[in-house]
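I opened a new page for this chain today.

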Amino acid sequence: MITHSIIWNNFDVQLNKLKSSEFTKKIFDIILSNNSEPDCNIDLLAQRLCMTKSTLYNKLKRQTGLSPVEYVRSVRLHTSVRMMSDSEMSIKEIAYAAGFNDPKYFSRCFKRHFGVSPKEYKEISSRPASYQWLNFNMN
């Protein structure tokens, strides 16, 4: 079994990959400061970084392997895991707070990204550490 500390160490490694350079750190900070806004998109990022959308896409894809849309989604999903662990908010409330317009879409993205649904994650995270597991991946 994977313990809670292994889950969080793996989670932190992935989170650090999302902000591994000065450029990605800036994007990460812009997303976090606008996290509850569903309109935090490639247009906003390009505007805040004073670059064209194509330059943003190419530079981010080269550094992270993710498109800007995938990157924003990944940051929001990782933020939602922290919210689930640190609060008693419902999954619906977390979805909106993380910047998703639709809780069902949030649940599908969460399951695709982490290998479990948000509901399953909440159940897993409430169990003793010896029973916790989570399949973190960057896809």
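Before listing neighbours, I wrote down what a contact is: heavy atoms within 4.5 Å. I also noted that this is a predicted model.

**Entry 1: the whole chain**

I began with the overall make-up. I found eight helices and zero strands in the protein chain. Read from the N terminus, the elements run α-α-α-α-α-α-α-α. I then looked up burial. Of the 139 residues in the protein chain, 40% are buried.

**Entry 2: Pro 68**

I looked up Pro 68 in helix H5, which covers residues 68–86. Is Pro 68 buried or exposed? Its relative accessibility is 3%, and buried means under 20%, so Pro 68 counts as buried. Which residues does Pro 68 touch, leaving out those up to four places away in sequence? I listed Ile 42, Leu 56, Tyr 57 and Leu 60. I took one of these further. Tyr 57 and Pro 68 are 11 residues apart in sequence, and their C-alpha atoms are 5.9 Å apart in space.

**Entry 3: Thr 79**

I stayed in helix H5 and moved to Thr 79. Thr 79 has 16% relative accessibility, so it counts as buried. Not counting residues up to four places away in sequence, Thr 79 touches Leu 32 and Asn 35.

**Entry 4: H5 against H7**

Two packed helices are described by the angle between their axes and the distance between the axes. I looked up both values for H5 and helix H7, residues 103–114. The angle is about 95°, and the axes are 10 Å apart. Angles of 65 to 115 degrees count as roughly perpendicular, so H5 and H7 are roughly perpendicular to each other.

Which residues make the contact? From H5 I wrote down Arg 73, Ser 74, Leu 77, His 78, Ser 80, Val 81 and Met 84. From H7 I wrote down Tyr 105, Phe 106, Cys 109, Phe 110, His 113 and Phe 114. I sorted the residues of this contact by type: eight are nonpolar, four are polar and one is charged.

**Entry 5: Lys 104**

Lys 104 is also in helix H7. Its relative accessible area is 64%, and exposed means over 50%, so Lys 104 is exposed.

**Entry 6: the cysteines**

Cys 50 counts as exposed, because its relative accessibility is 72%. Cys 109 is buried, because its relative accessible area is 2%. How many disulfides are there? The count comes to zero.

**Entry 7: the cores**

The largest nonpolar core has 16 residues. Which of them touch the most other members? I noted Phe 23, Ile 27, Ile 31, Leu 45, Leu 49, Leu 56 and Tyr 71. The elements that give two or more residues to this core are helix H2 (22–33), helix H3 (42–49), helix H4 (53–64) and H5. H2 gives the most, with five residues.

I then found a second, separate core of 15 residues. Among its members are Met 83, Met 84, Ile 94 and Val 116.

Technical notes:
Residues are numbered from 1 along each chain as its sequence is written. This is a predicted model: local features need pLDDT of at least 70, side-chain atom pairs count only at pLDDT 80 or more; totals for chains, interfaces and linings use all residues. Side-chain values use heavy atoms; hydrogens and water are left out. Helices (H or I, at least four residues) and strands (E, at least two) are DSSP runs, numbered from the N terminus. Buried means under 20% relative accessible area, exposed over 50%, partly exposed in between (1.4 Å probe, protein chains only). Axes are lines fitted to C-alpha atoms, for helices over the stretch in contact, and angles run from 0 to 180 degrees between N-to-C directions. Angles under 35 degrees count as roughly parallel, over 145 as roughly antiparallel, 65 to 115 as roughly perpendicular and the rest as oblique. Ala, Val, Leu, Ile, Met, Phe, Trp, Tyr, Cys and Pro count as nonpolar, Asp, Glu, Lys and Arg as charged, and the others, Gly among them, as polar. A nonpolar core is a set of buried Ala, Val, Leu, Ile, Met, Phe, Trp, Tyr and Cys residues joined through side-chain atoms within 4.5 Å. A disulfide is a pair of cysteine sulfur atoms within 2.5 Å.
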